[in-house]
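Open the model in your viewer and keep the selection panel at hand. The tour below goes stop by stop.

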Amino acid sequence: MTTAPPGAVRTEVVDGVLVATIDRPGGNAIDSRVSFELYAAWARLRDDPAVHAGVVTGAGSEYFSAGWDLAPGAGGLAGVADFFRIGKPMIAAVNGLARGGGFELALMTDLIVAAPHAEFVVAGPLGTALPARLSEEAVAELRRGGGKLTAAAAAKWGVVHRVVPAGTELGVALELARSLAGTPGAAAAVKEIGLGAHRADDE
């Protein structure tokens with residue numbers, strides 16, 4: 001296991017899976033430093049042949065990420081948009097509130113594993129701020145909920161892959177990442193599902 005020096009994003013490699021943990025006081029909000037450090041983490045995921053999958057999570061049990069603190073930095077949304085097509089699976093372990101940019105960051109990964117108390121919240125007016133990669137059913141549920149999805153509702157409408165007991169979401173995400181990394185066909189299939197959503201957005 002290798003670990004990067006402490007920063008706004010802590011990174012370590014566990015059994016070939018790069019884990020990036022946003023660790024910033026004030027709700028793990030994404031400022032320019034967090035964005036650049038996440039970008040660097042995804043660059044390592046892309047370039048290091050010994051790293052086969054990635055997991056992103058937040059420190060603590062209250063916030064995955066409270067959203068954008070400043071304008072987006074390198075690579076658009078914390079670097080994820082630039083690295084989406086690198087061919088390696090990326091999983092979000094959502095341990096608490098994912099608001100605004102934090103919600104979008106989770107949606108940019110291939111799979112989301114969430115704790116039961118996790119919430120997914122749209123920032124801004126619902127008419128303009130709904131993430132484009134949500135199904136019609138999920139959008140309707142967000143509208144009914146005033147811009148908020150519980151973990152259970154997010155799982156019901158296909159936003160979340162699995163809801164797991166609190167405190168286990170990172171471990172489950174690591175298990176999934178290792179499984180996908182060890183099965184190239186499965187990893188490619190998961191990527192293709194996500195790429196299909198991206199292509200639909202671009203049409």
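Start with Glu119: at 26% relative accessibility, Glu119 counts as partly exposed (buried is under 20% relative accessible area, exposed over 50%, partly exposed in between, with a 1.4 Å probe and protein chains only). Before moving on, note that this is a predicted model, where local features need pLDDT of at least 70, side-chain atom pairs count only at pLDDT 80 or more, and totals for chains, interfaces and linings use all residues. Residues are numbered from 1 along each chain as its sequence is written, and side-chain values use heavy atoms, with hydrogens and water left out.

**Stop 1: salt bridges**

The side chains of Lys148 and Glu119 form a salt bridge, 3.8 Å from N to O (a side-chain nitrogen of Lys or Arg within 4 Å of a carboxyl oxygen of Asp or Glu). This pair links distant parts of the chain: Lys148 sits in strand E10 (residues 148–150) and Glu119 in strand E9 (residues 119–121), 29 residues apart. Helices (H or I, at least four residues) and strands (E, at least two) are DSSP runs, numbered from the N terminus. Lys148 is partly exposed, at 38% relative accessibility.

Next, select Arg33 and Glu37. Their side chains meet in a salt bridge at 2.9 Å, N to O. Both residues lie in helix H1 (residues 32–47), four residues apart, so about one helical turn separates Glu37 from Arg33. Glu37 is partly exposed, with a relative accessible area of 23%. Arg33 is partly exposed too, with 47%.

Now pick Arg44 and Asp48. Here the salt bridge spans 3.7 Å, N to O. Arg44 is partly exposed, at 30% relative accessibility. The count of salt bridges comes to eight.

**Stop 2: the aromatic pair**

How many aromatic pairs does the structure hold? One. Rings of Phe, Tyr and Trp (its six-membered ring) pair if their centres lie within 6.5 Å; planes under 30 degrees apart count as stacked, over 60 as edge-to-face and the rest as tilted. Select Phe103 and Phe120: the ring centres are 5.5 Å apart and the planes stand at 55°, so the pair is tilted. Phe103 lies in helix H3 (residues 101–107) and Phe120 in strand E9, so the pair ties together parts that are 17 residues apart in sequence. Both Phe103 and Phe120 are buried.

**Stop 3**

**Stop 4: helix H5 and beyond**

Which residues of H5 are buried? Ala138, Val139 and Leu142 are. They cover an arc of only 100° around the axis, which puts them on the same side of H5 (the arc is that of the directions from the helix axis to the C-beta atoms). Turn to the other side of H5: Glu136 and Arg144 are exposed there. Just after H5, select Gly146, which takes a positive phi of about 70°.

Finish at Ala152, in helix H6. Ala152 is exposed, with a relative accessible area of 55%. Ala152 and Val163 are 11 residues apart in sequence and 7.0 Å apart in space, C-alpha to C-alpha.
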